[in-house]
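Here is a short tour of one protein model. Keep the sequence and the structure side by side as you read.

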Amino acid sequence: MSKKLEPSPIFNPWSLEYNDYDPAKEKSRESLLAIGNGYLGSRGAMEERTAGEFNYAGTYIAGLYNRLISKVADRDIENEDFVNCPNWLALKFKINNDEWIDVDESTIQSIKRQLDFKTGVLLREMILRDKQGQETKITSKRVASMANPHVLALQYEIEPLNYSGTIEVSSGLDGTIINDGVERYRQLNQQHLSPLSEGADENRSWLVVRTTQSNVEITEVSRLSVTKNNSPTDLHFEHDMACGRIVTQFRVEMKTGDNLLIEKSVILSDSGSQGLETLELCFLDLDELGSFDDIVADSEKSWKKIWDKIDIRIDGDPKSQMLLRLHLYHLMVTASPHNVNIDAGIPARGLHGEAYRGHIFWDELYILPLYNMFLPDVAKSILSYRHKRLDQARAYAKEYGFAGSMFPWQSGSDGREETQTIHLNPNSGEWGDDYSSLQRHISIAIAYNTWSYFQITDDLDFMINEGAELFLDICRFWASKAEWNETEKRFNILKVMGPDEFHEEHPASPGGGVKDNAYTNIMVAWLFEKAAEMWARLPAEAKDTITRKISLESNEILNWTRIAKQLNVLVSPEGIISQFDGYFELEELDWDAYRKKYDNIYRLDRILKAEGKSPDDYKLAKQADTLMTYYNLDEEMISGLLQNMGYKINTQALKKNYEYYITRTSHGSTLSRVVHAYLANMLGDHDLGWQLYSEALESDYTDIQGGTTAEGIHAGVMGGTVLMTITSFAGINFKHSCLTINPNLPKKWKKLHFGMTFKKCHYQLAITPHEVELRIESDNLDLVEIELSDNKISLQTNQTHIVKY
């Protein structure tokens, strides 16, 4: 096995580059080198490699799941998984009938890999020396077309450097694979594909498989084009067919310095895809494809349209610039303009791996505001994914005795609860009960995202057709979950888990979860207040339609307002908001002792359980919980909500609560640093804010959690770090009727450029430490009011303004 040492990283503003090969880091890099277009994502594994300890070539289609039952400890456990589609990438070669070239069995003389964000092209240049001393230069490029979401293309170039002989090339489509990208799932049933047909004709081959339970057919058709020294060459193609697999091989005589160029064009489709439901239609689409360069050129045009809308440019900090574009790129791989035609949410780990089984959680709360500003039609499609599953959410609520819509913590194909009932602790090797489904705040996140979309876009039609129904039915659920406590003269909300996740049960909440989680109760009060505001903004005809659709009673919204004023939140005399009822009575943890004992304490819950202790007994958190409220809502809004409930809130409430809770947080989620960085900047602690932000920004790039990036990117932290650039550093607040701008650039940043859409006006901004250059484009308005550094000003539209602050 060969391992090349990596030189100091070079931060190219438009690409991710690696100039070494380190097997131990390879799977994480495969996630970061993935290509995709919103319909599909394909990991950046090397073409010659098969799935194993160091490599994993997974390809995933948005919204494509399959359900299987596994036997675990004499129990039948049902899981729905993100399906690893047939491997389209496979291509390898051997020299003079020797063994197939293996990167891990060869000496790497040089290697460079570069993912171009502008074009979506992954380039690899490598010189290998095999056991016989034969040196070969290999250059490969691949792309998932952003112009046609079903198109994948690979260009593979072989050049003998010091030998002559016969090169034998093997190219395949492999549907015999399983889901094998997450080690802790391996004891479960992971055989999701069953073969239907395979075949070949000269340079074309095809493969059709079907998912074993969801009955989705996946079709791959492939075309090989081969030139030698830039000229076509006569070839004899041989085909090796087995059930679920097709391999095409050919041989070419080569001399030192010759060039063999192979282009592999692939159409990947599933039976739910519009217009490509059959094998015949896939071949028609394949026949219309041009060369690899043609495919790239078309894709690059589509990428340019996207980058024109989403790009953020930083002067003075090349590392942050590269990482921000890396994050924007992978968000587009996960959800692009193609998603307006796809019924799917945003998986927490992107279209990049199998962690969390490709399920959709609450991470969209950190992501969708970006799409609201940059690509609102995509944001609307993500919200529509939830709206289409309202009936399942209603059934879920009814199952537990509630009204309205209760959405699942983990959602997949049809909107039922996908959360595991048991979970493996890798530290102890034991299975335990999993109470994660009690994170009912997922429904808060969906309602919050709905309101945020409306607030930023002013899309009244969406609210009339989908949004209001979604929002109001979630409010109805929370109203039914709030229980009146005659003794306390307050409404309690029991059996919930907050964002913290470490606290799964407490005596004050019999049956699991906690009682009166502050984040939950304050956000529910906010929902109820916004419900009244939303209702007031709807036209009379729309109110009548929605009233009939969900059987809304005349006094229901008024009743929610009454509940909002009487929800229970515990506040200490010092002004600390208790994370939940009983939190202050928990034991303090000796954090210094645990940091000395363990290299990594991010997952303190697993550590404590392995020691025979329970995280339920301690004041600790995986990530921001009470503080998450301040991430969602302005401080003044929170103070107003609490005062409405009858609580006196100190003017230093945010500062006091921040200092209290950050010292009791392990940052076991990459999202935690985003929230704490944002709040640190709000409080004026810019050094801490920058430290936490930098850690969050680098978290996937450095694989901060010690291997989790190998199982897929963290879409939430990628979205959150980009969003924070706009909300914290540019100082954009889109929660009010006019745009508020309070810039606060990091020390390194000389200038920050970006564009965004707010309330149907397009804003183009360039911000320096002392001034804002601003252009507001509008077809309807002559003047637009903004608030800059606490001063309201009216600006002429369609003109460029420079305003000092």
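In which loop does N230 lie? N230 sits in the loop between β15 (217-228) and β16 (231-232). Helices (H or I, at least four residues) and strands (E, at least two) are DSSP runs, numbered from the N terminus.

This is a predicted model: local features need pLDDT of at least 70, side-chain atom pairs count only at pLDDT 80 or more, and totals for chains, interfaces and linings use all residues. Residues are numbered from 1 along each chain as its sequence is written, and side-chain values use heavy atoms, with hydrogens and water left out.

Back to N230. Its phi is near 70°, a positive value in a residue other than glycine. N230 counts as exposed because its relative accessibility is 72%. Buried means under 20% relative accessible area, exposed over 50%, and partly exposed in between (1.4 Å probe, protein chains only).

S789 also belongs to a loop, the one between β30 (783-788) and β31 (791-796). S789 is not a glycine, yet its phi is positive, about 50°. With 26% relative accessibility, S789 counts as partly exposed.

Now turn to H506. The loop between β24 (490-492) and α10 (518-537) holds H506. At 15% relative accessibility, H506 counts as buried. Contact means heavy atoms within 4.5 Å. Leaving aside neighbours within four places in sequence, H506 is in contact with G513, V514, F580, D581, G582 and L586.

Next comes helix α11 (residues 540-550). Here A542, I546 and I550 are buried. They lie on the same side of α11 because they cover an arc of only 45° around the axis. The arc is that of the directions from the helix axis to the C-beta atoms. A540, E541 and R548 are exposed on the other side of α11. The buried residues of α11 pack against α7 (390-399), α9 (460-481) and α10. Just after α11, S551 takes a positive phi of about 55°.

Finally, look for the second largest pocket. Its volume is about 770 Å³. Of the 31 residues that line this pocket, D634, Y678, M682, T727 and N733 are the closest to its centre. Among the elements that give two or more residues to the lining are α16 (635-644), α18 (670-682) and α20 (715-729). A pocket is an open set of points on a 1 Å grid over the protein atoms alone, where a 1.4 Å probe fits, with protein on both sides within 12 Å along at least five of seven lines; lining residues have an atom within 4 Å of a point. Grid points are joined across faces, edges and corners, and the volume is the space filled by probe spheres set on the points.
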